Amino acid sequence: FILARMLSGMSVIMFKNARGSGSLMAFQEETDQRKAEVVFYVQIAVFIVIILLNGLIRGVPALIAGVAMVWASALIFWLYYYRSKKIFGGITGDLAGWFLCLCELGQVAALALVSLFI
């Protein structure tokens, strides 16, 4: 569930705050956004490379499972961005927590679905 947490942290830094106040705003104000974005991008890229290398070492089933998990996370991240922007005008701390739970569930569901076919 490392990827879900990285994406959640990245959203807190990058997405617009819906309220302009609260604990989420405290994190956004106290952070150097450019540096934080670079750190998150590098962490996510390294994690994806590790997933792919693990899949290459362990074989095709592990590679397919890793790719499915990354795609599920990306799809849920896009859904989170789109829905929070459309419905709430941005994100809140509660929405960031909702995303984290949904992304972790989506990762497990993707792995379970892939395991049925491998």
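A: Axes here are lines fitted to C-alpha atoms, for helices over the stretch in contact, and angles between N-to-C directions run from 0 to 180 degrees. The model is predicted: local features need pLDDT of at least 70, side-chain atom pairs count only at pLDDT 80 or more, and totals for chains, interfaces and linings use all residues. Residues are numbered from 1 along each chain as its sequence is written, and side-chain values use heavy atoms, with hydrogens and water left out.

The part to look at is the pairing of helix 4 with helix 5. Helix 4 covers residues 60-88, and helix 5 covers residues 93-117. Their axes come within 8 Å of each other and cross at roughly 150°. Helix 4 and helix 5 are therefore roughly antiparallel (a label for angles over 145 degrees; under 35 is roughly parallel, 65 to 115 roughly perpendicular, and the rest oblique). The crossing of the two is right-handed, a term for a near helix turned clockwise from the far one by less than a right angle, anticlockwise being left-handed.

Helix 4 also carries Leu-79. At 33% relative accessibility, Leu-79 is partly exposed, that is, between buried (under 20% relative accessible area) and exposed (over 50%), with a 1.4 Å probe and protein chains only. Leu-79 belongs to a nonpolar surface patch of about 510 Å², made together with Leu-75, Trp-78, Tyr-81 and Tyr-82. Such a patch joins nonpolar side chains (Val, Leu, Ile, Met, Phe, Trp, Tyr) within 5 Å, or like charges within 9 Å, from residues with over 30% relative accessible area and no salt bridge.

Helix 5, in turn, is linked to helix 1 (residues 2-14) by a side-chain contact. Arg-5 and Glu-104 form a salt bridge (a side-chain nitrogen of Lys or Arg within 4 Å of a carboxyl oxygen of Asp or Glu), with their closest N and O atoms 3.3 Å apart. Because Arg-5 sits in helix 1 and Glu-104 in helix 5, this pair ties together parts that are 99 residues apart in sequence. Arg-5 is exposed, at 51% relative accessibility, whereas Glu-104 is buried, at 16%.

Helix 1 also holds Met-10, a buried residue with a relative accessible area of 7%. The C-alpha atom of Met-10 is 9.8 Å from that of Val-38, 28 residues away along the chain.

The structure has three salt bridges. Besides the pair above, Arg-34 and Glu-37 meet at 3.1 Å, N to O. Both are in helix 3 (residues 33-58), and they are about one helical turn apart because three residues separate them. Arg-34 is exposed, with a relative accessible area of 58%, while Glu-37 is buried, at 8%. Asp-32 pairs with Lys-35, the closest N and O atoms being 3.8 Å apart. Here Asp-32 is partly exposed, at 42%, and Lys-35 is exposed, at 59%.

Of its 118 residues, 38% are buried. The C-alpha atoms fill a box of roughly 45 × 30 × 15 Å, taken along the principal axes.

Terms used. Accessible areas come from the Shrake-Rupley method with a 1.4 Å probe; for residues, only the protein chains shown count as cover. Helices (H or I, at least four residues) and strands (E, at least two) are DSSP runs, numbered from the N terminus.
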